[in-house]
Amino acid sequence: MSDILIACLFPAMLLYLGLRLSVFDKAFLHSIWFDFLSLFKFGRTPNTNFGDGPFSVQTSSAAYSKYRSLSLDELSRMRASYALIGRTHKRIGYELGYTKKLDRLAELIQVNAKATDDIVTVMRRTYAQELSVSSATLCLSRIREALKQFVRDWSDAGSSERSVIFQPILSAVSTLPAPSRSRSRVLVPGSGLGRLAHEISQLGYDVTACELSAYMNGAFRFLLDSEMTSTVYQHEIHPYAHWWSHSRNTADLFRGIRFPDVIPRLAEEETVGLHLTEGDFLALNAPKPLPGSDSSRANGYDFIVTLFFIDTSVNILSTLEQIHKLLKPGGTWVNLGPLLWCSSAQARLELTLDELFDAMEAVGFAVVGGRDGNDDDEPDCMKRRTIPCEYTHDDKAMMRWIYEAEFWVARKV
């Protein structure tokens, strides 16, 4: 009798386990496994923009193209999880409007997919040769992060966050007289969707935005493309619809955000303005002086601006040396950000702030205004200070994550 009972219960147990495991986002688990395997590839550049790397054109394009299906699969798992509760609880859930909430999420996935489909169209047009090689690695979370970057960088909803983190940087680079700016180069590594680089170019500088991740570059090119983005507030997304924690009400959770608030465009080659370089910042070479400027001037950038960037370094010393190498003699480095080092022991060095300043001095930087920020000979906008700030935050959520970010200006000596 016991054998018959086990034979009957075993398939039911397998079905139950299958339903329970299906609640997890398999794309997310896959990305964790992929990042774990990358720890053992020490002979390669960890974050490559080519091939099947986690930030490559192939990987990001494939992920964007699967946004709709991956999101609907996740929604199916949410429905399956809801189906596991008892009849009485289902009735309460129905009266609360939970099933309508799931249906509304299905609708908003289609709205968001309009933007992700358009990003894929631009990427296929821009990276036709690279996309001849396919990729099977998909990461839904990185797509959702890019959608939130649209909010932070290119919407009215992100203006308060931008004002906190952009203004100290813009004030520091604005100390150079306006007539000299068109002859000065600025590099913004880790530029994301490019809004900070755009703002600096509006001050009259020649600015190069450098970004490794094709998730970001594809989304930025969607804004730069005149066929896809021709008017302000043309696009709409619902960036918070996928994460139901810390929500005060459904209206906030499902609210739409329109973007862009301004239209970005790249400058022509050899023309002062905004330029985009896709790839690894560590592979860049110092540029020649701008056309029309003094030919005797040294190669390199006049300013390098890093925002929430240096703690993404696998080897922070390599990053410091590269910043130093790319700057002209006497060039200026402006930084704002935390020290949230790469997770899972990917960072070869995880320095404290004091250790980081010691390393900067060893590489050849002098902090403007001194490490304590008390040098009265320098304007306040150039002095080191701590700036509480957020990163792609949801101002209507019940949770706030505040960074005590450090701002400093340093010169190459």
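Contact here means heavy atoms within 4.5 Å. Helices (H or I, at least four residues) and strands (E, at least two) are DSSP runs, numbered from the N terminus. The structure is a predicted model, in which local features need pLDDT of at least 70, side-chain atom pairs count only at pLDDT 80 or more, and totals for chains, interfaces and linings use all residues. Residues are numbered from 1 along each chain as its sequence is written, and side-chain values use heavy atoms, with hydrogens and water left out.

By these criteria, helix 3 (residues 57-65) meets helix 6 (residues 98-126). Helix 3 contributes Val57, Ser60, Ser61, Tyr64 and Ser65. Helix 6 contributes Thr116, Ile119, Val120, Met123 and Arg124. The two axes come within 8 Å and cross at roughly 145°. Axes are lines fitted to C-alpha atoms, for helices over the stretch in contact, and angles run from 0 to 180 degrees between N-to-C directions. The crossing of helix 3 and helix 6 is left-handed; that is, the near helix is turned anticlockwise from the far one by less than a right angle.

The protein chain as a whole holds 14 helices and 10 strands. Of its 413 residues, 48% are buried. Buried means under 20% relative accessible area, exposed over 50%, and partly exposed in between (1.4 Å probe, protein chains only). Among contacts in the protein chain with a separation of 6 or more, 74% link residues 24 or more positions apart. The chain exposes about 20,100 Å². Carbon and sulfur atoms supply 56% of that area. Accessible areas come from the Shrake-Rupley method with a 1.4 Å probe; for residues, only the protein chains shown count as cover.

Helix 14 (residues 353-363) has buried residues at Leu356, Phe357, Ala359 and Met360. Seen down the helix 14 axis, these buried residues fall within an arc of 160°, so they line one face of the helix. The arc is that of the directions from the helix axis to the C-beta atoms. An α-helix has 3.6 residues a turn, so residues three or four places apart point the same way. The face of helix 14 turned away from the buried side carries the exposed residues Asp354 and Ala362. Packing partners of the buried residues are helix 13 (316-326), strand 7 (327-337), strand 8 (365-367) and strand 10 (403-412). Just after helix 14, Gly364 takes a positive phi of about 125°.

Helix 13 also holds Gln322. This residue is buried, with a relative accessible area of 5%. Not counting residues up to four places away in sequence, Gln322 touches Phe281, Leu282, Ala283 and Leu284.

Helix 5 (residues 87-96) is hardly covered. The count of buried residues among its 10 residues is one.

Arg162 belongs to helix 8 (residues 159-173). At 7% relative accessibility, Arg162 counts as buried. Its side chain reaches the backbone oxygen of Arg152 at 2.7 Å. The side chain of Arg162 also reaches the backbone oxygen of Asp153, at 3.4 Å. Not counting residues up to four places away in sequence, Arg162 touches several residues, including Trp154, Gln167, Arg195 and Asp261.

A cis peptide bond joins Phe259 and Pro260, with omega about -5°. Pro260 lies in the loop between strand 4 (257-259) and strand 5. Glu270 lies in the loop between strand 4 and strand 5. Phi of Glu270 is near 65°, a positive value in a residue other than glycine. Glu270 is exposed, with a relative accessible area of 65%. Thr392 sits in the loop between strand 9 (385-389) and strand 10. Phi of Thr392 is near 45°, a positive value in a residue other than glycine. Thr392 is buried, with a relative accessible area of 14%.

Pro289 is in the loop between strand 5 (274-278) and strand 6 (301-307). Pro289 is partly exposed, at a relative accessible area of 21%. Pro289 and Lys328 are 39 residues apart in sequence and 10.0 Å apart in space, C-alpha to C-alpha.

Technical notes:
A polar contact is a pair of N or O atoms within 3.5 Å; within protein, one must be able to donate a hydrogen and the other to accept it, and residues adjacent in sequence count only if both atoms are side-chain atoms.
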